[in-house]
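Good morning, and thank you for making time for this item. Please have the sequence and the structure open while I speak.

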Amino acid sequence: MGKVALVTGATRGLGKGIALGLGEAGATVYITGRSVREDDNSLGGSLKLTQTAIKEAGGRCIAIQTDHRNDDQVRALFERIRAEQNGQLDVLVNNVYGGVESLRSVFGKPFWQTGPQLWDACNQVGLRSHYVASVYAAQMMVPREQGLICTISSWGGLMPIFGVAYGSGKAACDRMAADMALDLRPHQVTSLSLWPGIVATEHMSQLVEDMPSQQTPFANRYNWETPLLTGRVIAALAADSQVIKRTGRVQIVAELARHYGLADKDGQQPASLRSLKFLLPNSVPALQSKSWLIPDIRVPWWMLVLGRLRAPKI
């Protein structure tokens, strides 16, 4: 592959899977996070474990401890990549996110009962950190007239999932990626927003275990994705000479996986989150055993927005 990539927030979960997908494709992968060793946190995962997994997959990984709340540390991160790679940075994946624990602690409460601090918990290490990283990445990509910036977002930017602070931040991520694309396209740098489906991360699995089953329509894990699928999709985007045609748009991981002929870790191809094959079984659990009968037809965005076929809340 020969690409140089940076994945922010790669100690566990989606970031780890993305870094692994890029590593197995032959990229030199820089990863960031605050936990160097597993005993540095109570959540599991670490930079060292991710680095080891990428090396075992045949990739090259450089782990840099970074707190994305600190702009000086982020600037130093990009200066190091510039120095070590002779100014080359081909892929930035804006993935780091600091709001998961806060969202779990206030789940089910209306926004006025959560306190204003939830906004910063969701959007400082998230929306703001994505913008800061994109500024420094663009400064490296524009002179070389090539590059890909993937901002990890979610369908929470389109409809309610985890509340006001979360949804507002994800909608803003989608808008940020689209507006950055306007500035970057003349320089052949692609900016897009990427929506995974329901991903079997450590946090998501724990959330399902903690919640009553009647509040969790996805408790049986129908059509879940693994983090690796998003990594494989990003690797395919980075290798696509026509990726600029996708700039400024929201892209869905499952749809890109089908386009590029990619399978998940288990060899399956999950359905798109706007496909009837995804929406109907998750809305009517009795249909899950008969999902093979449901056509893989995508629902237009406007139908989702108007609520004619609303995705179920997590």
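How are α5 and α6 oriented relative to each other, roughly parallel or roughly antiparallel? Before I answer, please note that this is a predicted model.

The axes of α5 and α6 cross at roughly 15° and come within 9 Å. Angles under 35 degrees count as roughly parallel, and α5 and α6 are therefore roughly parallel to each other. Their crossing is right-handed. On the α5 side, the contact is made by L118, W119, C122, N123, L127, H130, Y131, S134, A138 and V142. On the α6 side, the residues are A165, Y166, S168, G169, A172, C173, M176, M180 and L184. Sorted by class, the contact of α5 with α6 has 14 nonpolar and five polar residues, and no charged residues.

Let me turn to another partner of α5. Helix α3, residues 71-84, and helix α5, residues 117-144, have axes that come within 10 Å and cross at roughly 30°. That angle makes α3 roughly parallel to α5. The crossing of α3 and α5 is right-handed. From α3, the residues D71, V74, R75, F78, I81 and R82 meet R128, V132, A133, Y136, A137, Q139 and M140 in α5. By class, the contact of α3 with α5 has eight nonpolar residues, one polar residue and four charged residues.

I now move to the loops. S153 lies in the loop between β5, residues 147-152, and α6, residues 164-184. Is S153 buried or exposed? Its relative accessibility is 4%, so S153 counts as buried. The S153 side chain reaches the backbone oxygen of K170 at 3.2 Å. Setting aside neighbours within four places in sequence, S153 is in contact with K170, C173, D174, S193, L194, W195 and P196.

Finally, two backbone angles. Most residues other than glycine have a negative phi. N86 is not a glycine, yet N86 has a positive phi of about 55°. N86 is placed in the loop between α3 and β4, residues 91-94. With a relative accessible area of 73%, N86 is exposed. Q188, also a residue other than glycine, has a positive phi near 65°. Its place is in the loop between α6 and β6, residues 189-195. The relative accessibility of Q188 is 43%, so Q188 counts as partly exposed.

Thank you; I would welcome your comments.

Key
Residues are numbered from 1 along each chain as its sequence is written. This is a predicted model: local features need pLDDT of at least 70, side-chain atom pairs count only at pLDDT 80 or more; totals for chains, interfaces and linings use all residues. Side-chain values use heavy atoms; hydrogens and water are left out. Axes are lines fitted to C-alpha atoms, for helices over the stretch in contact, and angles run from 0 to 180 degrees between N-to-C directions. Helices (H or I, at least four residues) and strands (E, at least two) are DSSP runs, numbered from the N terminus. Angles under 35 degrees count as roughly parallel, over 145 as roughly antiparallel, 65 to 115 as roughly perpendicular and the rest as oblique. A crossing is left-handed if the near helix is turned anticlockwise from the far one by less than a right angle, and right-handed if clockwise. Contact means heavy atoms within 4.5 Å. Ala, Val, Leu, Ile, Met, Phe, Trp, Tyr, Cys and Pro count as nonpolar, Asp, Glu, Lys and Arg as charged, and the others, Gly among them, as polar. Buried means under 20% relative accessible area, exposed over 50%, partly exposed in between (1.4 Å probe, protein chains only). A polar contact is a pair of N or O atoms within 3.5 Å; within protein, one must be able to donate a hydrogen and the other to accept it, and residues adjacent in sequence count only if both atoms are side-chain atoms.
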